[in-house]
Amino acid sequence: MKKETFVTKEKLDEIIQQVPTPFHLYDEAGIRKNAQAMKEAFAWNKGFREYFAVKANPNPFLIDILKEYDCGCDCSSMTELMLAKAMGCAGERTMFSSNDTPPEEFQYAYDIDAIVNFDDITHIQCFEETVGTFPKTMSCRYNPGGLFKISNDIMDNPGDAKYGMTTEQLFESFRILKSKGVENFGIHAFLASNTVTNEYYPMLAKVLFEVAVKLQKETGAKIKFINLSGGVGIPYRPEQEPNDIRVIGEGVHKVYDEVLTAAGMGDVAIYTELGRFMMGPYGCLVTKAIHEKNTHKRYIGVDACAVNLMRPAMYGAYHHITVMGKENKPCDHMYDVTGSLCENNDKFAIDRMLPEIDMGDVLVIHDTGAHGFAMGYNYNGKLKSAEVLLKEDGSFSVIRRAETAADYFATLNDFPIYKKIIEG
Ligand SMILES: *Cc1c(COP(=O)(O)O)cnc(C)c1O
């Protein structure tokens with residue numbers, strides 16, 4: 001599929017007049033359309049809820065949009081929990097799916113009535129010692145191990161993942177929690193990441209539904225929800241076929257009827273914790289070409305760098321690039337598109353065929369709405385960019401300002417050096 005930008009060149013030029021590059025731009029119309037489709041795809045399930053994985057994009061303005069589609073928050077740290085609470089998501093609209101969890105975060109999650117999802121059997125004791133009691137509803141994260149395959153394709157390697165409990169630990173945890181008065185149970189698993197296939201969720205659902213039937217039968221624990229977590233992917237590459245959430249929802253529905261309804265468990269709620277699928281395609285990084293260099297290769301230097309978007313440097317991930325205004329020009333130039341970090345992996349693209357780029361050209365780096373800005377860091381003293389929302393009516397607003405030098409040095413502000421740096 002041809003990858004197109006959600007913003008026109010004219011609109012982008014207008015935004016750039018007011019907000020200097022680089023910045024992340026988000027597409028309200030796209031976010032809404034997708035969130036609505038998500039909701040409809042699982043409308044067959046009475047208790048369904050998507051808990052947006054806050055780590056993918058913790059911007060309150062975007063979370064607010066998702067809330068209109070009944071989304072909650074999936075959190076895995078103290079600050080994410082604080083944000084979820086401030087967003088009005090305390091209680092059953094917050095899922096706390098953490099790992100390697102500090103005890104004080106369990107306490108806070110309990111205090112705001114979040115649903116706690118234990119990653120490990122030892123967390124039961126830790127929680128009890130910290131909090132002193134258990135809420136009525138608790139969840140456990142499952143990791144069956146081995147490889148996760150669809151047909152003959154290896155999707156991911158759960159046996160190598162740090163998350164979740166073994167089958168034995170899962171059963172044991174349910175028994176212990178039940179003996180301690182927990183009444184309702186959830187099961188959670190995340191077995192493959194960024195799956196670009198409609199088969200992942202239905203296959204995962206089958207694994208979890210079968211375990212749920214066994215668990216309820218053998219331990220007497222009442223299963224209230226099954227959390228399919230994240231992992232539904234997006235087509236970063238033009239040749240990839242996007243997932244169809246309607247087909248995915250129907251696939252899960254079919255397995256639900258075959259396994260759960262057949263076992264008399266037709267009241268189990270389905271939860272999801274999608275991040276990438278909810279936000280990924282509806283964000284892009286807008287940057288300008290500022291430097292051309294011809295040595296052993298041809299380089300285009302831009303004003304963004306890996307601190308604005310880490311995925312290419314970290315995973316070698318592909319992000320499509322559009323040179324604005326040159327969409328129909330031939331891609332007859334091979335470039336490495338680089339940032340300015342003193343790190344040779346600071347490249348948004350390697351050996352990429354693009355139209356000839358002139359200095360000042362605006363480059364749109366696609367699919368940065370999830371795990372984009374959020375993964376940012378401050379290496380080389382680089383500052384985080386602004387975030388801008390392109391609204392449905394065509395207007396736009398800055399939903400996070402760019403970091404300033406004062407922000408960067410703020411953790412030194414108790415020391416005399418701070419004044420010296422800031423005041424020059
Ligand atoms: C990262 C994460 C998600 C979201 O994953 P996506 O690939 O963005 O859908 C959901 N749940 C948990 C526990 C996670 O760690």
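Tyr256 counts as buried, because its relative accessibility is 4% (buried means under 20% relative accessible area with a 1.4 Å probe, protein chains only). Phe209 is buried too, at 0% relative accessibility. The model is predicted: local features need pLDDT of at least 70, side-chain atom pairs count only at pLDDT 80 or more, and totals for chains, interfaces and linings use all residues. Residues are numbered from 1 along each chain as its sequence is written, and side-chain values use heavy atoms, without hydrogens and water.

Now take the helices. Helix α8 spans residues 200–219 and helix α9 residues 245–260 (helices are DSSP runs of H or I, at least four residues, numbered from the N terminus). They pack at about 20°, with axes 9 Å apart. That angle makes α8 roughly parallel to α9 (under 35 degrees). Among the residues making the contact are Tyr201, Phe209 and Val213 of α8 and Ile248, Val252 and Tyr256 of α9 (heavy atoms within 4.5 Å).

Next come the rings. The structure holds 17 aromatic pairs (ring centres of Phe, Tyr or the six-membered ring of Trp within 6.5 Å; edge-to-face means planes over 60 degrees apart). Phe42 and Tyr201 pair edge-to-face, 6.5 Å centre to centre and with 75° between the planes. Phe42 sits in the loop between α2 (28–41) and β2 (49–53) and Tyr201 in helix α8, so this pair ties together parts 159 residues apart in sequence. Both Phe42 and Tyr201 are buried. Phe209 and Tyr256 also pair edge-to-face, at 5.7 Å and 90°. Phe209 lies in α8 and Tyr256 in α9, so their pair links parts 47 residues apart in sequence. One aromatic cluster includes Phe42, Tyr201, Phe209 and Tyr256.

Methods. Axes are lines fitted to C-alpha atoms, for helices over the stretch in contact, and angles run from 0 to 180 degrees between N-to-C directions. Helices (H or I, at least four residues) and strands (E, at least two) are DSSP runs, numbered from the N terminus. Angles under 35 degrees count as roughly parallel, over 145 as roughly antiparallel, 65 to 115 as roughly perpendicular and the rest as oblique. Rings of Phe, Tyr and Trp (its six-membered ring) pair if their centres lie within 6.5 Å; planes under 30 degrees apart count as stacked, over 60 as edge-to-face and the rest as tilted. Buried means under 20% relative accessible area, exposed over 50%, partly exposed in between (1.4 Å probe, protein chains only).
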